[in-house]
Amino acid sequence: APDQAVALARLLIEAGGRHLDDASPIVDVRLAPGIRVHAALAPVALGGATISVRFSRSRHVDFLDLPVDWQPGQQQQLISAVHNRATILITGNTGSGKTTLLASLLARSAARDRIVVLEDVAELDIDHPHVVQLECRQANLEGVGEIGLDRLVRESLRMRPTRLVVGECRGVELRELLAAFTSGHRGGASTIHAPHLASVPARLEALGVLAHYSPKQLARQVVHAFDLIIHISVGDEGRRQVELGRFVVGENGTLAVDTDSSAEK
């Protein structure tokens, strides 16, 4: 029944520490490691309350065991990038395996590293002895108390991170992240949604508008912030393919991608 669906949606969201109501009709929460719940109420959900439950299929997957059809030399290049404290951006579509790839790479960090992970809803599960996780907070019923990713990035810099990680960059937090990465915080990582490696600059430019960057300002910041792009896509039979690249400033002064992955910054 519709009333029961609404009650169940609210119960699940409240179990994750957030609230679902007319002021916040769409909410995403983490119930337990590997379990996320997304709920939407009418009139946003036209057919009535909608509940989506997402389970992680596997946890702590070793990097060498990932279901990826690697090109020659790619695995060693990525392992070397982590060991050399390269700053990495992982891109791909929803469900392509960005989070799993990121977690498996970060697990290769030195045991003494302090990895500070910032997420809207905690999802990264890293097999590493020194991980600090921070999660955004929803505003309360009075509309105050919200803590977004942009603030978490600023606060995390006081926590002496060896590696700063934003699980997914999709808004104004881009400005804070680029500022951190261009001011000496190397070895960190983030992910963004992008269907193709060639579409990554356009996706970042769209985020740059939210962060009040012009395309040329964004290009200069991104080129100095990220050392390596890893694009992951899903091929036949669910196998993944990886493309590597790096950011460059194009002839018109805007962001471009060099797919010659053998050339590292």
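I take a cavity to be a set of points, on a 1 Å grid over the protein atoms alone, where a 1.4 Å probe fits but cannot get out. Grid points are joined across faces, edges and corners, and a volume is the space filled by probe spheres set on the points.

The model is predicted, so I note its rules: local features need pLDDT of at least 70, side-chain atom pairs count only at pLDDT 80 or more, and totals for chains, interfaces and linings use all residues. Residues are numbered from 1 along each chain as its sequence is written, and side-chain values use heavy atoms, with hydrogens and water left out.

**Confidence.** I looked up pLDDT (the predictor's confidence in each residue, from 0 to 100). The chain averages 91, and 96% of the residues score at least 70.

**Cavity.** I found 1 cavity of 30 Å³ or more. The largest cavity holds about 70 Å³ of space. It has 13 lining residues, meaning those with an atom within 4 Å of a point. Closest to its centre are Val82, Ile88, Leu106, Gly187 and Ala189. I see 3 lining residues from α3, the largest share.

**Helix α6.** Helices here are DSSP runs (H or I, at least four residues), numbered from the N terminus. In α6 (residues 200–210) I list Val200, Pro201, Leu204, Leu207 and Gly208 as buried, which is under 20% relative accessible area with a 1.4 Å probe, protein chains only. They lie on the same side of α6 because they cover an arc of only 120° around the axis. That arc is taken from the directions from the helix axis to the C-beta atoms. Just after α6, His212 takes a positive phi of about 65°.

Technical notes
1 Å grid on protein atoms, 1.4 Å probe; cavity = no way out; pocket = protein on both sides within 12 Å on 5 of 7 lines; lining within 4 Å. Helix = DSSP H or I, 4+ residues; strand = E, 2+ residues; numbered from the N terminus. Buried < 20%, exposed > 50% of the residue type's maximum accessible area, 1.4 Å probe, protein only.
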